Amino acid sequence: MVARIKFVESLRDVMHYNENKLKEKVASFIHAANYGKDTDRLGFTERYKRLELQAAYHETAEKKIVHISLNFDPAEKLDKTRLAEIADAYMQRIGFGGQPYLVYEHYDAQHPHIHIVSTNIRRDGTRIKSHYIGKEKSEPARKEIEKLFGLIPAESGKQKELFQLKHETLARILTQYKYTSIHELNAVLKHINIMADRCRPESRTYKHGGLVYRKLDKNGDPTGVPVKASQIYLKPGLKFLEEKFKQNEELRKPFKQRIKNAVDFAFAGRPVGTMNEFIAALKKERIEVVLRENDKGVIYGLTYIDTEKKCVFNGSDLDSKKQYSANAIQERLKGETFTQQNKQQQKQEPQQINIPRQKQQKDNSAQQIIPFPATDGTQKFKSISPSDGKNILQELIQPEYANDQIPYELKKQKRKRKRKRHHL
């Protein structure tokens, strides 16, 4: 048996969690203690009000609600009466025997488990101490109850590892995700530090078509005692997975284009230049990218996990031309990086202007010829020597100043005499 204790602020949240399980028909209300009324005669309002009133006896306490789950080995066969007895024995041993509490049996996981809701506020307004309750009270209570009721000990080798395999999450991944190989399944399981393992080809497990599940450490390496698939509720052995592979091959096809579009948009809509930028861009679309690397750190494969549509694809499986494989993506990243470098270089370099050269000088290599408008409307040319310290662009943008000195002869104009008209 494994016990988990949480002290929380909101009675409403805890009650709604358990009561909603009743509505979804994945739980049963099986027991109430210290309510002064039979369990089957208590409605939701009575269950809620009793705990609310007692918690109110202490006005300043913040976390006055206790939410406990007792989890049992999948092999246990426990009816409602036995579960209620175990709940009473446990609450008595941790100091909550006189408190009002409710017991719900849940069916939403592959192992039997119950949830207990209570308060740590007594009727006199004092508070039950919660410091070190796990180590000093809950752990000794668990061991006593396992012996008293003949339960499978949680601390016994494989069973302890079994509980640490995060049953509920594992079950959701196995049943909801669309994968077509153990490798693709492990790409998803890696996120919860678990892997499915056929073991070595020479092993007895492999030769007999067996499968085990292992915990992974922070470095992604297997650790602890492996758990046989047959010991897990769904019994997700090799036969189970092979049936899933066949079903998922067709089920995932409609979602292939979504991943391809996300990859293409990462390069077109918001250009990426590194693998980290590529991974971050797809993550915004709820697509995880898992890199497959060799011992030297060379990337040889990509796996795409669509967490929204719950499907998994190897990059090379997305199209026949392998445009989304590890090699193709790395080539696209190199091309994008090269393009970005060119753009950056163009921003830094001055813009060049092509100016036609005129063969009016004998030594064109020593001078640059530029056109400029003359005052009479014609086009003349001006030579600029490199020694002038000016370039063509600078010269072109300088204003031209016309000669304001006009010869006197051009200014002087003969006045025409007006002819006198003789009127008749």
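In what order do the five strands of the open sheet run? The order is β1-β3-β5-β4-β2, and the pairing is antiparallel. Two strands count as paired here if DSSP finds at least two bridges between them. Helices (H or I, at least four residues) and strands (E, at least two) are DSSP runs, numbered from the N terminus.

Before going on, the basis. This is a predicted model, in which local features need pLDDT of at least 70, side-chain atom pairs count only at pLDDT 80 or more, and totals for chains, interfaces and linings use all residues. Residues are numbered from 1 along each chain as its sequence is written, and side-chain values use heavy atoms, with hydrogens and water left out.

The overall picture first. The protein has 14 helices and 13 strands. Of its 424 residues, 39% count as buried. Buried means under 20% relative accessible area, exposed means over 50%, and partly exposed is in between (1.4 Å probe, protein chains only). Among contacts with a separation of 6 or more, 60% come from residues 24 or more positions apart. A contact means heavy atoms within 4.5 Å.

Axes are lines fitted to C-alpha atoms, for helices over the stretch in contact, and angles run from 0 to 180 degrees between N-to-C directions. Strands β3 and β5 (residues 113-119) run antiparallel and are joined by seven bridges. Helix α1 (residues 11-23) lies across β1, β2, β3, β4 (101-106) and β5, at about 40° to β4.

Ile65 is found in strand β3 (residues 65-71). Is Ile65 buried or exposed? Ile65 is buried, because its relative accessible area is 2%. Leaving aside neighbours within four places in sequence, its contacts include Lys6, Phe7, Val8, Leu11, Val14, Ala55, Val117 and Thr119. Lys6 is 59 residues away from Ile65 in sequence, yet the two are 8.3 Å apart in space, C-alpha to C-alpha.

Leu291 has Leu302 in β10 as its bridge partner.

The largest pocket holds about 470 Å³ of space. On a 1 Å grid over the protein atoms alone, a pocket is an open set of points where a 1.4 Å probe fits, with protein on both sides within 12 Å along at least five of seven lines; lining residues have an atom within 4 Å of a point. Of the 18 lining residues, the closest to the centre are Asn186, Ala187, Lys190, Val290 and Leu291. The elements giving two or more residues to the lining are α7 (182-189), β6 (194-197) and β9 (287-293). Which element gives the most? That is β9, with five residues. By class, the lining has nine nonpolar, five polar and four charged residues. Ala, Val, Leu, Ile, Met, Phe, Trp, Tyr, Cys and Pro count as nonpolar, Asp, Glu, Lys and Arg as charged, and the others, Gly among them, as polar.

Helix α7 is mostly covered, with seven of its eight residues buried. Among the buried ones are Glu184, Asn186 and Ala187.

Last, two backbone points. Most residues other than glycine have a negative phi. Asn193, in the loop between α7 and β6, has a positive phi of about 60° although it is not a glycine. Asn193 is partly exposed, at a relative accessible area of 37%. Cys199 is not a glycine either, and has a positive phi of about 70°. Cys199 lies in the loop between β6 and α8 (204-207).

Conventions:
Grid points are joined across faces, edges and corners, and a volume is the space filled by probe spheres set on the points.
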